[in-house]
Each structure stands twice: as C-alpha cells, then as structure tokens.
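Here's a quick briefing on what's packed inside a protein and where the gaps are. Have a look at the model first.

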Amino acid sequence: MRTTEKDLPVVTIADIKSSQNPCCIGDDLLLVDAFPAVRLDYPARRACIVVGLCTHGSMRFTADTQAFEVKANDVFIISEGQMVCNDYMSSDIQGLAIIMSYNFFYEVVQGVHELSMLFLLSRNHPVFGIYPEEVELVKEYFHMIKARIDTPVHMFRRDVARMLMAALIYDMGNAQHRVLQTSERKLTRAEAIFTQFITLVEENFRRERRVSWYGKQLCITAKYLSETVKQVSHRTPNEWIDNYVVMELRVQLRNSTKSIKEIAHDMNFPNQSFLGKYFKEHVGMSPMNYRKK
C-alpha cells in the first residue's frame with residue numbers, strides 16, 4: 001500500500017493479492033470469489049477498477065462521500081481513483097469480483113466509446129441490479145476467465161482473458177444502459193458536459209491536447225470546463241487527455257511494429273525526442289526501454 005501526496009492510503013492490485021492466494025495475471029487482472037478480500041474498513045483510493053457481483057447477503061460502501069447499498073443480484077463498479085470505504089458487510093455475504101488495472105481496462109475497451117462511457121458514468125451510478133439470467137451469465141464469464149488464468153502454459157492466456165472480459169463488459173454494459181435508460185434520475189448539466197468532453201477526447205486525443213480547444217468545441221471556457229470535469233470525475237481535463245495519450249502510446253509500443261518515429265507522427269508529436277520526453281515524464285522510462293521491458 002502506498003500513500004498520495006496528501007498521505008491518503010492508495011490500495012493497488014498488489015495489495016489485494018498479498019492477502020490471499022491470487023488468481024491473477026501479474027498486476028493487471030485479479031479474480032476474487034470471497035468479498036472480504038476486497039473489503040476496506042478505512043477510506044482509501046483504489047488504484048484499480050473493481051467490478052463486483054453480489055450473489056447473497058448485502059453490503060454498504062461509501063464512494064467519494066456518497067453512500068450506496070448492494071444486495072443480491074446487484075453489480076457494483078468502483079472506478080480507478082475513487083475514495084472508497086466499506087461501512088457494512090452482512091455475515092452471509094457472497095459474491096465475485098474482477099479487479100483490473102486501468103492499463104488492462106483500456107486494452108479491453110479501446111476504441112469502443114459506448115463501453116468506456118458506461119464505466120465512466122458508473123462513477124456516479126456505481127450500483128445497479130441485473131436479471132437472474134444475467135447473474136448466471138456473469139458467473140459463467142468469471143469461471144471461464146479463471147480457467148484461462150489458471151492455465152499458465154497457455155501462450156495466449158492474457159489475450160483470451162482480455163477478449164472474455166470484453167464480452168463480459170459488453171453484456172454488463174447492456175444491463176447498465178438499460179438501468180440508466182429507465183432510471184428517473186437524469187444526467188446533471190455537469191455530467192452531460194463531462195460525457196461530451198470524454199467523447200471529444202476519445203475522437204481527437206491523437207491530434208489535439210489543448211483544454212482550450214475542447215472548451216471551444218463545447219462552447220464553454222477552458223476554466224469552466226476544468227472546474228466541471230474536476231467536479232464530476234475528480235480529475236482535470238489535462239489528466240484525462242494525458243491518460244488517453246499515454247494509454248495509446250503504451251498499446252502501440254507493446255502491440256505494434258511501428259518505429260517510435262512513426263508513432264510520434266501518428267500521435268501528432270513534433271518529433272521523436274518530444275515524444276520521448278513526454279512518455280518518460282508520465283511513465284518513468286523511455287519508449288525504447290518500455291518496449292524492451
């Protein structure tokens with residue numbers, strides 16, 4: 001466990017792994033079938049994404065000061081960076097949880113705006129009920145993913161796990177969309193601006209990284225955009241833009257044969273040197289070292 005600049009505890013996948021016999025792929029994907037393993041009795045930020053399904057019992061948790069209740073057949077999603085604390089877990093609590101690094105999540109939803117947007121909206125709508133048949137489907141996905149992770153000799157196990165996760169998120173996203181469509185609660189003005197901003201970022205981050213440009217497209221000032229995005233997501237627009245850029249750079253360095261010069265051109269960096277400085281600032285190593293690693 002580490003702390004932030006304000007000495008707030010930050011819980012990582014590695015922290016959760018250390019408390020149990022893990023079913024995992026490195027520090028990118030972790031499957032848990034015992035809810036106490038993901039319980040937090042003190043406020044802490046999650047440096048990962050948690051997708052949980054409650055199959056029996058109930059629990060309460062607080063996310064960014066808002067209280068939520070989870071009961072049987074409810075799905076809950078904890079977004080990366082949220083301040084979370086468990087207030088209560090019943091003695092008969094049962095369920096499943098899939099915990100992902102943001103890097104792995106980005107690989108899963110890359111290029112599919114509807115999926116990433118549903119997960120972003122879950123920051124303010126983190127709990128939703130699903131039908132019994134959907135509960136069984138989530139269980140099936142969980143056990144299929146677990147079977148692949150538990151086969152370390154499978155040379156494509158990470159890729160298979162990622163594709164199964166994509167299928168699970170599609171089905172879960174469909175349920176979440178249904179709930180949001182039928183909910184009486186509508187998006188606030190701030191949430192609507194945030195979703196429009198993320199849509200623009202996903203479409204334009206490869207060539208445009210100025211907050212003022214995004215504000216202009218939304219017909220609002222850069223200052224108002226910054227305040228609104230920070231209010232909804234607890235991140236600044238620059239942090240979101242950098243996040244998309246860095247994730248894309250990671251994917252291209254890891255999964256393509258393009259030269260760093262070609263990647264710099266594709267991502268609209270002035271030159272290879274500028275890309276190298278940007279990447280090292282955000283990742284802590286040069287693009288070449290990252291590719292080798």
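What volume does the largest cavity have? It comes to about 80 Å³, where a cavity is a set of points on a 1 Å grid over the protein atoms alone at which a 1.4 Å probe fits but cannot get out, and its volume is the space filled by probe spheres set on the points, joined across faces, edges and corners. Keep in mind that this is a predicted model, with local features needing pLDDT of at least 70, side-chain atom pairs counting only at pLDDT 80 or more, and totals for chains, interfaces and linings using all residues. Residues are numbered from 1 along each chain as its sequence is written, and side-chain values use heavy atoms, with hydrogens and water left out.

**Cavities**
- The structure has three cavities of 30 Å³ or more.
- Lining the largest cavity (lining residues have an atom within 4 Å of a point) are Val-38, Arg-46, Val-50, Met-59, Phe-61, Phe-76, Ile-78, Val-84 and Asn-86.
- The second largest cavity holds about 60 Å³ of space, and its lining includes Ile-130, Glu-134, Tyr-141 and Asp-171.

**Nonpolar cores**
- A nonpolar core is a set of buried (under 20% relative accessible area, 1.4 Å probe, protein chains only) Ala, Val, Leu, Ile, Met, Phe, Trp, Tyr and Cys residues joined through side-chain atoms within 4.5 Å.
- The largest one has 70 residues, and Leu-29, Met-100, Met-165 and Phe-197 have the most contacts inside it.
- Apart from this core lies another of 25 residues, including Phe-61 and Met-89.
- Beyond its neighbours within four places in sequence, Met-165 is in contact (heavy atoms within 4.5 Å) with Leu-29, Ile-98, Met-100, Phe-104, Val-108 and Ile-145.

Terms used
Buried < 20%, exposed > 50% of the residue type's maximum accessible area, 1.4 Å probe, protein only. 1 Å grid on protein atoms, 1.4 Å probe; cavity = no way out; pocket = protein on both sides within 12 Å on 5 of 7 lines; lining within 4 Å.
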